[in-house]
Amino acid sequence: MNEEQEFEELALLEEFEAQETRDASIQTSPVEAGVRGATQALAFNYADEIEAGLDTATSFLGAKEFTSIEDLSNDYNKNLENARAEFSKNALDHPTATNVGTGVGVAASLILPGGAIAKGATLTAKAASAA
């Protein structure tokens, strides 16, 4: 094994250890796992990106100073990594709650647009009959 391969292997090991440390610090619950599952389904698997964006916006509007767009991008990427780690940890610790939440989110995403369409059709029919 040459020196470059050893360096790459060491970097991978350090990244793995950092991931394990971060995952160990994440507290999970069945309720949070279910809510995360439902939210992820309702947001068409973009809930983690939305969460990271909101966290970054809060930091941007709060006390944290950003000197460049790169700082903002780095903060977003760190927040996205944390959101995905929290989702994964909850899904691993409470798979049933995550799956039930995901099912509820999928069902809600199917029902909500249908209800809105039906309501719009009803309003259109009322408007047409009034004319």
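**Figure 1. Helix 2 and helix 4 cross in a left-handed manner.** In this predicted model, a crossing is termed left-handed if the near helix is turned anticlockwise from the far one by less than a right angle, and right-handed if clockwise. The axes of helix 2 (residues 30-42) and helix 4 (residues 69-93) come within 9 Å and cross at roughly 120°. Axes are lines fitted to C-alpha atoms, for helices over the stretch in contact, with angles running from 0 to 180 degrees between N-to-C directions. Helix 2 and helix 4 are therefore oblique to each other (angles under 35 degrees count as roughly parallel, over 145 as roughly antiparallel, 65 to 115 as roughly perpendicular and the rest as oblique). Glu-32, Ala-33, Arg-36, Gly-37 and Gln-40 of helix 2 make the contact with Ala-83, Glu-86, Phe-87 and Asn-90 of helix 4, contact meaning heavy atoms within 4.5 Å. These residues divide into 3 nonpolar, 3 polar and 3 charged; Ala, Val, Leu, Ile, Met, Phe, Trp, Tyr, Cys and Pro count as nonpolar, Asp, Glu, Lys and Arg as charged, and the others, Gly among them, as polar.

Residues are numbered from 1 along each chain as its sequence is written, and side-chain values use heavy atoms, with hydrogens and water left out. As the model is predicted, local features need pLDDT of at least 70 and side-chain atom pairs count only at pLDDT 80 or more, whereas totals for chains, interfaces and linings use all residues.

**Figure 2. Helix 3 passes helix 4 in a right-handed crossing.** The axes of helix 3 (residues 47-61) and helix 4 come within 8 Å and cross at roughly 135°. Helix 3 and helix 4 are therefore oblique to each other. On helix 3 the contact involves Asp-48, Glu-49, Glu-51, Ala-52, Gly-53, Asp-55, Thr-56, Ser-59 and Phe-60. On helix 4 it involves Leu-72, Asp-75, Tyr-76, Asn-79, Leu-80, Ala-83, Arg-84 and Glu-86. The contact residues of this pair comprise 6 nonpolar, 4 polar and 7 charged.

**Figure 3. Asp-75 is a buried residue of helix 4.** Its relative accessible area is 4%, where buried means under 20%, exposed over 50% and partly exposed in between (1.4 Å probe, protein chains only). Leaving aside residues up to four places away in sequence, Asp-75 touches Thr-56, Ser-59, Lys-64 and Phe-66.

**Figure 4. Phe-44 and Asn-45 lie in the loop between helix 2 and helix 3.** Phi of Phe-44 is near 55°, and that of Asn-45 is near 65°; each is a positive value in a residue other than glycine. Most residues other than glycine have a negative phi. Phe-44 is exposed, with a relative accessible area of 62%, and Asn-45 is likewise exposed, at 52%.

**Figure 5. Ser-109 is buried within helix 5 (residues 95-130).** The relative accessible area of Ser-109 is 14%. A polar atom of the Ser-109 side chain lies 2.7 Å from the backbone oxygen of Val-106.

**Figure 6. The chain contains 5 helices and 0 strands.** Helices (H or I, at least four residues) and strands (E, at least two) are DSSP runs, numbered from the N terminus. From that terminus the elements run α-α-α-α-α. Of the 131 residues in the chain, 20% are buried. Among contacts with a separation of 6 or more, 72% are between residues 24 or more positions apart.

Notes: Polar contact = N/O pair within 3.5 Å; in protein donor to acceptor, adjacent residues only side chain to side chain.
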